[in-house]
Amino acid sequence: MLISIDAMRYGAGYDAAGHWHEGRADSRSAAELEEDEKLIAPARGAVCGILLSGILWVGLVAAVRGLLALIR
């Protein structure tokens, strides 16, 4: 069974009193994973926007070239 690395957390660190404690691996809840998805959504939208605008420009250039070829 495979578990994504970002779905696991270790939990080691300093407590409020400044004492180091070893953590244990614990899986993240579905709500936490969903919250992470909300954080990446703007970046995903920006990348999709760039890709779609590139496709639009390629289509426009091809259409203009096609029209110019018909006119000549």
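**Figure 1. Confidence along the predicted chain.** This model is predicted. The mean pLDDT of the protein chain is 76. Of its residues, 62% reach 70 or more. Confidence is lowest in strand β1, residues 8–9, where the mean is 54. Confidence is highest in helix α1, with a mean of 85.

**Figure 2. Strands and helix in order.** The protein chain has 1 helix and 4 strands. Read along the sequence, the pattern is β-β-β-β-α. The helix, α1, covers residues 30–71.

**Figure 3. Surface and contacts of the chain.** The protein chain has 72 residues, and 3% of them count as buried. Its accessible surface comes to about 6,400 Å². Carbon and sulfur atoms account for 69% of that surface. Now take the contacts between residues at least 6 apart in sequence. Of these contacts, 6% join residues at least 24 apart.

**Figure 4. A nonpolar patch on the surface.** Three residues make up this patch: Leu56, Trp57 and Leu60. Together they have about 340 Å² of accessible area.

Figure 5. Leucine 60 sits in helix α1. Its relative accessible area is 40%. Buried means under 20% and exposed means over 50%, so leucine 60, at 40%, counts as partly exposed. Leu60 also belongs to the nonpolar patch, alongside Leu56 and Trp57.

Technical notes: Residues numbered from 1 in each chain as written. Predicted model: local features only at pLDDT ≥ 70, side-chain atom pairs only at ≥ 80, totals over all residues. Heavy atoms only, no water. Patch = residues over 30% accessible without salt bridge, like charges linked within 9 Å, V, L, I, M, F, W, Y side chains within 5 Å. Areas by Shrake-Rupley, 256 points an atom, 1.4 Å probe, with all protein chains shown as cover. Salt bridge = Lys/Arg side-chain N within 4 Å of Asp/Glu carboxyl O. Helix = DSSP H or I, 4+ residues; strand = E, 2+ residues; numbered from the N terminus. Buried < 20%, exposed > 50% of the residue type's maximum accessible area, 1.4 Å probe, protein only. Contact = heavy atoms within 4.5 Å. pLDDT = per-residue confidence, 0-100.
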